[in-house]
Amino acid sequence: MRVLLVTSRETKRWVIPKGNLDKGEAPHAGAAREAEEEAGVLGLVCPTSLGSYRYRKRRRNGASLMIDVEVFPLAVSQELDSWKEQSERERRWFSLPEAAAAVEEPDLRELIRSFGPSEMKAAIRRTDLLSTVAEKSKVNRMFGWFQRLLPKTGNFFDMFEAHARTVTAGADALARLLQDGNRDHIQEVIEREHDADDIIREVLRTVRETFLTPFDRGAIISLIGSMDDAIDEMQAAVQAIDLYEVTEFEQEMKDMAAIIVDASRITAEAMPLLRDLGSNGGRLHELTERLVRMESHADEIHTAGLKRAFKELGPEDALRFSVQREIYKHLERIVDAFEDVANEIDGIVVDHA
């Protein structure tokens with residue numbers, strides 16, 4: 001994972017894109033606009049903020065004021081060759097530790113650090129179940145490393161992490177579909193769901209054959225099942241989109257997709273932490289708390305989207321309204337599944353930390 005920073009116009013220090021909101025503009029939409037203007041990047045922005053930080057800004061009139069900045073994660077899908085403030089700023093990709101070290105504001109530094117997944121141990125290259133899965137489904141190199149996570153012995157933690165990365169790949173493909181409407185993303189989600197099915201079958205087989213498991217067998221099955229529910233609903237969503245030949249998507253749908261992307265990222269971060277519950281219980285609680293908060297936010301977006309669709313379409317175009325309602329239903333169920341993941345993790349922490 002890498003972070004894009006830009007230089008400030010006057011002091012040339014490394015900062016994140018930021019600015020004032022336009023009248024009536026949602027905070028996350030403002031963040032995406034500033035990212036395009038200052039950094040020349042496009043992508044889906046998650047409407048649930050990571051947090052906020054404070055810094056002192058000097059005005060042109062000489063005043064130095066404390067400014068509160070709310071921070072939103074944006075998954076970059078396109079870097080523009082030219083953009084509004086290109087001549088005034090430099091942009092550069094950093095690793096998470098490098099980005100945290102480059103910025104001056106302590107609170108922003110901590111936000112960047114908290115955004116990243118825990119350092120993953122180097123995965124040993126093995127020919128195993130996931131190698132076959134990846135070869136069959138042509139997994140791209142961005143997610144190709146997950147195929148080395150599952151050893152022949154079938155370690156539960158490796159399988160949790162592999163499944164979480166498969167869910168993340170599916171979420172990214174779903175988000176790209178809602179962003180550009182390219183039908184190739186539908187096939188990618190379906191392939192990711194098949195990969196996840198292979199992994200969950202391996203988990204269930206290993207549960208039956210293993211005498212000592214790290215958690216209660218029921219907890220293992222429930223955790224992997226809740227993650228699998230998420231990617232199953234992703235598949236259901238893209239199949240509905242394909243069936244009804246939907247090519248344009250409402251902003252609320254895109255906002256929910258952005259929440260799904262961030263929820264999958266959080267899930268992927270949480271899985272390695274299960275290896276040491278005693279040390280990681282606090283961080284796991286922070287992550288599950290954020291998942292629950294995101295689910296609540298998604299419910300609000302879901303309600304607002306349905307209400308707007310009903311007002312705009314209603315009886316005049318009942319068929320189109322029904323199609324939109326079904327897509328919203330699947331998106332809501334995906335986020336609900338991530339809340340179930342959070343609940344399962346919390347239960348494991350309570351029982352074993």
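Predicted model: local features only at pLDDT ≥ 70, side-chain atom pairs only at ≥ 80, totals over all residues.

**Entry 1: a pair of helices**

I began with α9 and α10, and I noted that their crossing is left-handed. In the contact of α9 with α10 I found 14 nonpolar, six polar and eight charged residues. Helix α9 covers residues 251-273 and helix α10 covers residues 277-312. Two packed helices are described by the angle between their axes and the distance between the axes. For α9 and α10 I wrote down an angle of about 170° and axes 9 Å apart. An angle over 145 degrees counts as roughly antiparallel, and α9 and α10 are therefore roughly antiparallel to each other.

Which side chain does Asp262 meet in a salt bridge? I found that Asp262 pairs with Arg290, at 2.6 Å from N to O. Asp262 belongs to helix α9 and Arg290 to helix α10, and the two are 28 residues apart. Are Asp262 and Arg290 buried or exposed? I looked both up, and Asp262 and Arg290 are buried. The pair is also part of a network of salt bridges that links Asp262, Arg265, Glu269, Arg283, Glu286 and Arg290.

**Entry 2: other salt bridges**

I then looked up how many salt bridges are counted, and the count comes to 29. One of them joins Asp68 and Arg54, at 2.8 Å from N to O. Asp68 sits in strand β5 (residues 64-71) and Arg54 in strand β4 (residues 51-58), with the pair 14 residues apart. Asp68 has 52% relative accessibility, so I marked Asp68 as exposed. Arg54 has a relative accessible area of 45%, so I marked Arg54 as partly exposed.

I also noted the salt bridge between Arg333 and Glu233, at 4.0 Å from N to O. Arg333 is partly exposed at 40% relative accessibility. Glu233 is at 17%, and I put Glu233 down as buried because the cut-off for buried is under 20%.

**Entry 3: two residues with positive phi**

Most residues other than glycine have a negative phi. With that in mind, I looked for exceptions. Lys12 is not a glycine, yet its phi is positive, about 60°. Where does Lys12 lie? I found Lys12 in the loop between β1 (2-7) and β2 (14-15). Lys12 counts as partly exposed, at 46% relative accessibility.

Glu245 also went into my notes, with a positive phi near 55°. Glu245 lies in the loop between α8 and α9. At 64% relative accessibility, Glu245 counts as exposed.

**Entry 4: the whole chain**

Last, I stepped back to the chain as a whole. How many helices and strands does the chain have? I wrote down 11 helices and seven strands. The chain has 353 residues, and buried residues make up 52% of them. I also looked up contacts between residues at least 6 apart in sequence, and 73% of these join residues at least 24 apart.

Definitions and conventions: Residues numbered from 1 in each chain as written. Heavy atoms only, no water. Axes fitted to C-alpha atoms, helices over the stretch in contact; angles between N-to-C directions. Helix = DSSP H or I, 4+ residues; strand = E, 2+ residues; numbered from the N terminus. Parallel < 35°, antiparallel > 145°, perpendicular 65-115°, else oblique. Left-handed = near helix turned anticlockwise from the far one by under 90°. Nonpolar A, V, L, I, M, F, W, Y, C, P; charged D, E, K, R; others polar. Buried < 20%, exposed > 50% of the residue type's maximum accessible area, 1.4 Å probe, protein only. Contact = heavy atoms within 4.5 Å.
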